[in-house]
There are 2 protein chains.
Amino acid sequence: MRFLHTADWHIGKKLHGYDLLEDQKKSMLDILSIAKKENVDAIVIAGDLYDRSVPSVEAVEAFNQQLIKMNLEEKFPLFAISGNHDSSTRLEAGAPWFSQTEFYLNTRLEQAFVPIEWEDAQFFLLPYFEPIAARLYFGDESIRTLPQAMEKIISEMKKKFLPDKKHILVSHFFVAGSEKTDSETKIEVGGLDGVPGGMLKDFDYVALGHLHGKDALHQENARYSGSPLKFSLSEMNQTKGVWIVETQPSICYRFVELTPLHEMTEVTASFNELTSPAFYQEMNREDYLQIQLTDRAIIPNMMNQLRQIYPRILSVERVNGREEGTKRQITLQKKNLNPQELIATFFEEMTDEKLTERQKIWIDEGLQNLNDWERKK
Amino acid sequence: MRFLHTADWHIGKKLHGYDLLEDQKKSMLDILSIAKKENVDAIVIAGDLYDRSVPSVEAVEAFNQQLIKMNLEEKFPLFAISGNHDSSTRLEAGAPWFSQTEFYLNTRLEQAFVPIEWEDAQFFLLPYFEPIAARLYFGDESIRTLPQAMEKIISEMKKKFLPDKKHILVSHFFVAGSEKTDSETKIEVGGLDGVPGGMLKDFDYVALGHLHGKDALHQENARYSGSPLKFSLSEMNQTKGVWIVETQPSICYRFVELTPLHEMTEVTASFNELTSPAFYQEMNREDYLQIQLTDRAIIPNMMNQLRQIYPRILSVERVNGREEGTKRQITLQKKNLNPQELIATFFEEMTDEKLTERQKIWIDEGLQNLNDWERKK
């Protein structure tokens, strides 16, 4: 059989304050197009479907529309699990009905031991879980860490292995030694809770979720799909997409890239260049931008001016440092400024903008509250 | 055919701070038992399934278990709508899959015009909606009130009427002139948005939700089922249950009562009686209690003592007034107390208890914040 492996959709996620929902809707539709074009027999989603345990109404609606399209309209079997970002209870509400149309959504550990048999493969859908869930399930007080739990879980799964089938594990955890980015929530405790890759050796393929880079793990039989979109600046140079996995004659997989609605790019230029039509008309101004500003001078109202041209600025860095920066800092330390003045000067230093009247009021209120609190201690 | 009509489950609701979930689980199971015993062909739930748009995880789990039991295990067709307390988008997430097993859950106005044909009846499932939804649906700017909307909606529905079928409307609104309790959220604006009962005359039966008393409306062909549980002291003397509706030979209905996990009762007694084993061993101490206290004297630490015996006290009223109450009030007005003292005295007056040290700190902080805020104005 042939299946599509994706994960970490994080529907409803924001990127530096920008709502990603339109980007996510396009990615979801593109994944469906790939599934159709590649004529896959099933779509695997390895957890973190939503970004939050209580997603916004808009996120729920967008994701639900996608599920309807994939499963009810295009009739793709879906093999999905909950991740550490999902609320398993909220997610599972419709699951008993979903399974009637081959949409399997596992949210509880015990469901992982009932494999889905599909053509020449057995799929074990193991949702994200805490070690305590395994401790309770096995009634074994000695289970304290994820590797201890996984050892038991895998040995339990192996009892269900049919010898003439391929054995596919779908799961959501950190495999020890994998490469992280800035956008994943740390789930391992004190470095102890990474699952050693060798533990997964008995599966023909492990469809992983959790890490957002497709190359996070270098292991023949186990892959992270990565997220469909870039969720942090540290992922700027990653290629995003999905794996197409074939089970015959033996397991093989290839990566199919996704084109985002808005790319994430870095631009190095001066303020004058950035604001000159000749320059920005050549650029894709709609991209999520990291700007490396070459200027050293203070530019009044810089961010507002840039945002009028570039609507999706993630950050602006001063690639050559800042004029008078060091000198000023010394001045600051010498002068005996009051807290309001100190904050105003710092704000100007950092943003090249003056505080608005409203911002000044907020700062006054904040300082007042701090004073009151100090006095009461 | 024969169907069960219920509504206003408000799963996850609290009563004077007490979590009702266990009570609600029992009610839900009892409703299922009635459905089985009465051998109904379908169960109608006329809105306000949950108490909040984002119900707790426990509420979601309890309600979902009930849906699985009713629809997947016992195979009852379910005809349900969202009410003003539900989030239609969150609720509808599984709906396209639910309908595969005859669980129809309508959350959008346009769905109301596709009747469910079931045996000798047509069910029009009209969810709670705002007039603006009708304005947009009909593209008619003149629709400003619920009656205006309903006129159009009903005339649209009548186009779908099959003459040899019974016509059942399932809906969630306030019918003008119905009797309210304290536990419903007011949805009509300025008295204009009640639907005149006469407008419903073309339906053989209107299964209503929203008002919590089964006798809220006296109209031959339209009934509120009321909530399965008492949700306020004003409902103490109401009978709670469900309607069993028969469509043949002509529409008739009868009420089947529900027995709650804990009754709501009123007891009139003195503090000495209430705390004497001979007295309370005769009582059902687990009830939700309104206590009418006959004492007039101040009783130190009264609520704590009573709560140790009666775990579900909703309120304590002084049926004979309070000793020295009037005299004290005069004293208070005469004395020049500082705010802390004034609050402490008032608290003692009202509760017969002294402020704890922690409560005193909270009051000090509250007064301090108030001072700060006054000063800043």
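Which loop of chain A is P249(A) found in? The legends below get to that, among other views of this predicted model.

**View 1. The cis peptide bonds of the two chains.**
P249(A) sits in the loop of chain A between β12 (241-246) and β13 (252-257). The bond joining Q248(A) and P249(A) is cis, with omega at about -5°. Now switch to chain B: the peptide bond running from Q248(B) to P249(B) is cis too, and its omega is near -5°. P249(B) is found in the loop between β12 (241-246) and β13 (252-257) of chain B. As background, most peptide bonds are trans.

**View 2. Chain A as a whole, for orientation.**
Chain A has 12 helices and 16 strands. Its C-alpha atoms fill a box of roughly 75 × 60 × 35 Å along the principal axes. Of the 377 residues in chain A, 53% are buried. Take the contacts in chain A with a separation of 6 or more: 70% of them come from residues 24 or more positions apart. The chain is divided into domain 1 (2-257), domain 2 (262-323) and domain 3 (336-377). Between the C-alpha centres of domain 1 and domain 3 of chain A there are 46 Å.

**View 3. L4(A) and its surroundings.**
L4(A) is part of strand β1 (residues 2-6) of chain A. With a relative accessibility of 0%, L4(A) counts as buried. Who surrounds it? Setting aside neighbours within four places in sequence, L4(A) is in contact with I31(A), I34(A), A35(A), V40(A), A42(A), I43(A), V44(A), V242(A), W243(A) and I244(A). Pick out V44(A) from that list: V44(A) is 40 residues from L4(A) along the chain, yet their C-alpha atoms are separated by 5.9 Å.

**View 4. Two non-glycine residues with positive phi.**
Most residues other than glycine have a negative phi. N39(A) has a positive one, near 55°. This residue lies in the loop between α1 (21-37) and β4 (42-46) of chain A, and it is exposed, at 54% relative accessible area. Over in chain B, phi of E102(B) is positive as well, near 60°. E102(B) belongs to the loop between α4 and β6 (103-106) of chain B and is partly exposed, with a relative accessible area of 27%.

**View 5. A few salt bridges.**
Side chains of opposite charge can pair when their charged atoms come close. A search over all chains of the structure turns up 43 salt bridges. One of them, in chain A, pairs D19(A) with K14(A) at 3.9 Å, N to O; D19(A) is partly exposed, at 44% relative accessibility. In chain B, D30(B) forms a salt bridge with K26(B), with 2.5 Å between the closest N and O atoms. These two residues are 4 residues apart in helix α1 (residues 21-37) of chain B, so about one helical turn separates them. K26(B) is partly exposed, with a relative accessible area of 26%. K240(B) and E235(B) also meet in a salt bridge, at 2.9 Å, N to O, and both of these residues are buried. Back in chain A, a network of salt bridges links R2(A), E38(A), E246(A) and R254(A).

**View 6. D140(B) in its loop.**
D140(B) lies between α5 (131-138) and α6 (146-158) of chain B, in the loop. Is D140(B) buried or exposed? D140(B) is buried, with a relative accessible area of 16%. Its side chain makes a polar contact with the side chain of K152(B), at 3.4 Å. Neighbours within four places in sequence aside, D140(B) is in contact with R135(B) and K152(B).

**View 7. Where chain B meets chain A.**
The contact draws 28 residues from chain B and 28 residues from chain A. Together the two chains bury about 2,300 Å², 61% of it on carbon and sulfur atoms. Salt bridges between chain B and chain A come to 0, while 8 residue pairs are in polar contact across the interface, both residues at pLDDT 80 or more. On the side of chain B that touches chain A, the elements giving two or more residues are α2 (57-73), α3 (88-92), α4 (95-98) and α12 (357-376) of chain B. The most comes from α2(B), with 8 residues. By type, the residues on this side of chain B divide into 12 nonpolar, 10 polar and 6 charged.

Methods: Residues are numbered from 1 along each chain as its sequence is written. Chains are lettered from A and ligands numbered from 1 in the order in which they are written. Side-chain values use heavy atoms; hydrogens and water are left out. Buried means under 20% relative accessible area, exposed over 50%, partly exposed in between (1.4 Å probe, protein chains only). A polar contact is a pair of N or O atoms within 3.5 Å; within protein, one must be able to donate a hydrogen and the other to accept it, and residues adjacent in sequence count only if both atoms are side-chain atoms. Contact means heavy atoms within 4.5 Å. Buried area is the accessible area (1.4 Å probe) that two parts lose on being put together, summed over both. A salt bridge is a side-chain nitrogen of Lys or Arg within 4 Å of a carboxyl oxygen of Asp or Glu. Ala, Val, Leu, Ile, Met, Phe, Trp, Tyr, Cys and Pro count as nonpolar, Asp, Glu, Lys and Arg as charged, and the others, Gly among them, as polar. Domain bounds come from an automatic or database domain assignment.
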